[in-house]
Amino acid sequence: MRLTVIGSSGSMSGPASPASCYLVQADGPGPDGAARTWSVVLDLGPGAMGALLNHVDPAEVDLVAITHLHADHMVDLIGMQVYRRWHPDGVLAPVPVLAPSGALERVRGVGGDPESETYAGEFRFLEHDPATPLRVGPLRVESFPVEHPVPAYGIRVTGPGSVPDGPAEVSVAYTGDTDSCRGVVELATGVDLLLSEAAFQEGRDTVRGVHMTGCRAGAAATAGGARRLVLTHLQPWTDPAVVRAEAEATFAGPVEVAVPGATWEL
């Protein structure tokens, strides 16, 4: 299984990165038994659709999972809709979209379409259900409620290991946007890689219930026993070195900062 960063800028697209978008892939048999690559896209923020084209044909995406319905995590669903509806080779089959309740109305509002537009030809909307994991080929996708001003979910993807002599099964957990909470620790429990937002900075951002700092992201990774921590969703005005140092003070494992194009093989 591999994780590729498509966009990592927080709250907006930045000068060097689209907003939130991550690609998780694993190889495995398709419905016909032939080998293929399965692809799950986590969030589609501003600028992400164009960058995604550098890594996977959107026609081959098997699931789009949206953590919450703030614009910086979902507006490029409209780009995905246009790609699927108006592709020159013909209309593409609808792709499942895992999202919080109200996703259809939110996407319709962004697109400026009338209520008669259901996007049924392009999307098949599914609601997060923490009690029911989704199967996407060899991948298992689980949802964990987290703390944010709107309904929000962290997502854990578990799949086959791809490193020789490594574990047969590995996991990546993505927090989406959240402050410290029990759901984040449950999400991070035992994962090989925790992809954690760290949009706030200690001593600078004091509001609670919205985002984590590097310190709080590191503490969540430690509490959950994660093996590696990757920090993401840093706004353009934040120094990554500061947030990374905060995380290293509360987490003893490897700490990295997400940048577009970075890939981890697990």
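A: In this predicted model, Leu3 has Trp264 of strand E14 opposite it. Residues are numbered from 1 along each chain as its sequence is written, and side-chain values use heavy atoms, with hydrogens and water left out. Local features need pLDDT of at least 70 and side-chain atom pairs count only at pLDDT 80 or more, whereas totals for chains, interfaces and linings use all residues.

Strands (E, at least two residues) and helices (H or I, at least four) are DSSP runs numbered from the N terminus. Two strands are said to pair if DSSP finds at least two bridges between them. In general, strands of a sheet pair through backbone hydrogen bonds, either parallel or antiparallel.

What does E1 pair with? One partner is E14 (residues 263-265), joined to E1 by 3 bridges in the antiparallel sense. Strand E2 (residues 21-29) also runs antiparallel to E1, and 5 bridges join these two strands. Leu3 stands opposite Val24 in E2, and Val5 stands opposite Tyr22 in E2.

These strands belong to an open sheet of 7 strands with mixed pairing, in the order E6-E5-E4-E3-E2-E1-E14. Its edge strands are E6 (123-127) and E14, each of which pairs on one side only. From one strand to the next, the twist averages 20°. Helix H3 (residues 77-85) packs on this sheet, touching E4 (63-65), E5 (95-99) and E6, and the direction of H3 makes about 145° with that of E6. For such angles, axes are lines fitted to C-alpha atoms, for helices over the stretch in contact, and the angles run from 0 to 180 degrees between N-to-C directions.

Leu234 is found in the loop between strand E12 (229-232) and helix H7. Is Leu234 buried or exposed? Leu234 counts as buried because its relative accessibility is 10%. Leaving aside neighbours within four places in sequence, Leu234 is in contact with Ser8, Ser9, Gly10, Ala198, Pro240, Val243 and Val257; contact means heavy atoms within 4.5 Å.

In general, two packed helices are described by the angle between their axes and the distance between the axes. The axes of H6 (residues 214-224) and H7 (residues 240-248) come within 7 Å and cross at roughly 35°. Gly214, Cys215 and Gly218 of H6 make the contact with Val243, Glu246 and Ala247 of H7.

Within H6, the buried residues include Gly214, Gly218 and Ala221. Against what do the buried residues of H6 pack? Their partners are H5, strand E11 (193-197), E12 and H7. After H6 comes Gly225, with a positive phi near 75°.

Thr178 lies in the loop between strand E10 (169-174) and H5 (182-188). Thr178 counts as buried because its relative accessibility is 0%. A polar atom of its side chain lies 3.0 Å from the backbone nitrogen of Glu147. Apart from neighbours within four places in sequence, the contacts of Thr178 include Glu147, His148, Val184 and His211.

E10 pairs with strand E9 in the antiparallel sense over 6 bridges, and Val170 in E10 is the bridge partner of Gly159. E9 (residues 152-160) is largely enclosed by the rest of the structure, because 8 of its 9 residues are buried. A hairpin of 5 residues joins strand E8 to E9. E8 (residues 139-146) and E9 run antiparallel and are joined by 7 bridges, with Glu142 opposite Arg156 in E9.

Technical notes:
Buried means under 20% relative accessible area, exposed over 50%, partly exposed in between (1.4 Å probe, protein chains only). A polar contact is a pair of N or O atoms within 3.5 Å; within protein, one must be able to donate a hydrogen and the other to accept it, and residues adjacent in sequence count only if both atoms are side-chain atoms.
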